[in-house]
Amino acid sequence: MATALWVRTIRRHRMDRQVTVPCDRFDPQDALIEACHQLDISVPLWLDKHERDWEEFGQTRFLPDSFMDHVSFERLEIEFIDPDAKKKRSNDPRNG
């Protein structure tokens, strides 16, 4: 299975709409543009904060002030999905 970008809009603390598009881990902006097109929303501004969150966590959030147009949701969340990645295991000794 290929890597993907999971994009979802959050309204009233619940997922409102979602879409998954193919994505390269090191170039998420093309996938974000495609996802926004499919959701029929404008593309948010990609700021340094979003870049840092993406590099460190593989996900980021966009609030309404990140958009040039008015949006009807509380936030847009994007997350990188790699089904082949191994889950990181905690170093906690209680995990055996």
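Which residue in S2 does Ile 10 stand opposite? Keep that in mind while you get your bearings. The model on your screen is predicted.

**Stop 1: the whole chain**

Show the protein chain as a cartoon. Look for two helices and four strands. Follow the chain along the sequence, and the pattern reads β-β-α-α-β-β. The C-alpha atoms fill a box of roughly 50 × 30 × 25 Å along the principal axes.

The accessible surface of the protein chain is about 7100 Å². Carbon and sulfur atoms hold 49% of that surface. The chain has 96 residues, and 34% of them count as buried.

How much of the contact list joins residues 24 or more positions apart? Among contacts with a separation of 6 or more, the share is 42%.

**Stop 2**

Select residues 4-11 for strand S1 and 14-22 for strand S2. S1 and S2 pair in the antiparallel sense, over eight bridges. Now pick Ile 10. Met 15 in S2 stands opposite Ile 10, which settles the opening question.

Move to the turn. S1 and S2 form a hairpin with two residues between them. Click on Arg 12 in this turn: its phi is positive, about 55 degrees. Then click on His 13, which is in the loop between S1 and S2. The phi of His 13 is also positive, near 65 degrees, and His 13 is not a glycine.

Why point these out? Most residues other than glycine have a negative phi.

Is His 13 buried or exposed? His 13 counts as exposed, because its relative accessibility is 70%, over the 50% cut-off.

**Stop 3: helix H1**

Select residues 28-39, which make up helix H1. Use the distance tool on its end C-alpha atoms: they are 16 Å apart. At 1.5 Å a residue, the twelve residues of H1 should span 16 Å, so the two values agree.

Next, color the buried residues of H1. They are Pro 28, Ala 31, Leu 32, Ala 35, Cys 36 and Leu 39. Look down the axis of H1. The buried residues fall within an arc of 135 degrees, so they line one face of the helix. An α-helix has 3.6 residues a turn, so residues three or four places apart point the same way.

What do the buried residues of H1 pack against? Their partners are S1, S2, H2, strand S3 (59-62) and strand S4 (75-81).

Step just past the end of H1 to Asp 40. Asp 40 lies in the loop between H1 and helix H2 (48-57). Its phi is positive, about 60 degrees, although Asp 40 is not a glycine. Asp 40 is exposed, with a relative accessible area of 69%.

**Stop 4: two cysteines**

How many disulfides does the structure hold? The count is zero. A disulfide is a covalent bond between the sulfur atoms of two cysteines. The sulfur of Cys 23 is 12 Å from the closest cysteine sulfur, in Cys 36, so the gap is too far for a bond. For a disulfide, the two sulfur atoms would have to be within 2.5 Å.

Check the cover on each one. Cys 23 is buried, with a relative accessible area of 8%. Cys 36 is buried too, with a relative accessible area of 1%.

**Stop 5: Phe 57**

Select Phe 57, in helix H2. Phe 57 counts as exposed, because its relative accessibility is 52%, over the 50% cut-off. Draw a line from its C-alpha to that of Ala 35. Phe 57 and Ala 35 are 20 Å apart in space and 22 residues apart in sequence.

**Stop 6: S3 and S4**

Finish with strand S3 (59-62) and strand S4 (75-81). S3 and S4 run antiparallel, joined by four bridges. Pick Phe 62. Its bridge partner in S4 is Leu 76.

Which residues of S3 are on its covered face, and which on its uncovered face? Thr 60 and Phe 62 make up the covered face. Gln 59 and Arg 61 make up the uncovered one.

Terms used. Residues are numbered from 1 along each chain as its sequence is written. This is a predicted model: local features need pLDDT of at least 70, side-chain atom pairs count only at pLDDT 80 or more; totals for chains, interfaces and linings use all residues. Side-chain values use heavy atoms; hydrogens and water are left out. Buried means under 20% relative accessible area, exposed over 50%, partly exposed in between (1.4 Å probe, protein chains only). The expected span of a helix is 1.5 Å times one less than its number of residues. The arc is that of the directions from the helix axis to the C-beta atoms. Contact means heavy atoms within 4.5 Å. Two strands pair if DSSP finds at least two bridges between them. Accessible areas come from the Shrake-Rupley method with a 1.4 Å probe; for residues, only the protein chains shown count as cover.
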